[in-house]
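Hi,

Here is the structure I promised you. Have a look at it first, and then read on for what turned up.

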Amino acid sequence: MIKAIFPGSFDPPTLGHLNIISRGAFLFDSLDVVVAANARKTPLLKPKQIGILLEEQIKNLKLPSVKVVVHNGLIGDYCRSINASVLLRGVRSSSDFDYEFELSILNKQLGGGIETVFLPTETKYLVFRSSTIREILKYRGDISQMVPPEVERALLESL
Ligand code: ADP
């Protein structure tokens, strides 16, 4: 039984995140998507709302082994609390990898030996970044190709 977690800010959740979640659900027996509650000082969406949006998408994708939790604190503590053995992360580029590599070493120390598994993005999601989407949204640009319609609606309402 391999328990995995997929932590992130998901502010906002993108089609790239959902791709990693679907592929992770296929690889592991259970997958907890962990929304970081304390990620940014000025979030676009609140962690609770992000959790609800992700749950809706996971239900649409029919992924019964995936659940969503909002966690306030260190990821390592959450790993240990549920006895997870894998921490899943997506990588888009070598600069993502540099950062993720360091994070994986820290998380192994703090998360009771948890192993990080990296999934390379699929090319169609290569340039989807939550920070880019926040920037595009600031200038009322079109984000409909990057996020599910329900997320786009919530984002437009948040403006
Ligand atoms: P954080 O706030 O933890 O830096 P995000 O919430 O932006 O991260 O993303 C969570 C995880 O999803 C990270 O592992 C990130 O690399 C991955 N990710 C984000 N966007 C994509 C994408 N388009 N394709 C693949 N993985 C992605």
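A quick word on terms before the numbers: a residue is called buried when its relative accessible area is under 20%. By that cut-off, 44% of the 159 residues in the protein chain are buried. Do keep in mind that this is a predicted model.

On the overall fold: the protein chain has six helices and five strands, and from the N terminus they come in the order β-α-β-α-β-α-β-α-β-α-α. The radius of gyration is 15 Å, close to the 15 Å from the globule rule for 159 residues, so the chain is as compact as a globular protein of that length. Along the principal axes, its C-alpha atoms fill a box of roughly 45 × 35 × 30 Å. If you take contacts between residues at least 6 apart in sequence, 75% of them join residues at least 24 apart.

Now the inside. The largest nonpolar core has 32 residues, and Ile21, Val33, Leu54 and Val66 touch the most other members. Elements giving two or more residues to this core include β1 (3-8), α1 (15-27), β2 (30-36) and α2 (47-60). Another core, of 10 residues, lies apart from the largest one, with Val34, Tyr78, Leu87 and Ile114 among its members.

The chain carries 19 positive and 17 negative side chains, with the centres of the two sets 3 Å apart.

Cheers

Methods:
Residues numbered from 1 in each chain as written. Predicted model: local features only at pLDDT ≥ 70, side-chain atom pairs only at ≥ 80, totals over all residues. Heavy atoms only, no water. Helix = DSSP H or I, 4+ residues; strand = E, 2+ residues; numbered from the N terminus. Rg over C-alpha atoms; globule rule 2.2 N^0.38 Å. Buried < 20%, exposed > 50% of the residue type's maximum accessible area, 1.4 Å probe, protein only. Contact = heavy atoms within 4.5 Å. Lys, Arg positive; Asp, Glu negative; His and termini not counted. Charge placed at Lys NZ, Arg CZ, Asp CG, Glu CD. Core = buried A, V, L, I, M, F, W, Y, C linked by side-chain atoms within 4.5 Å.
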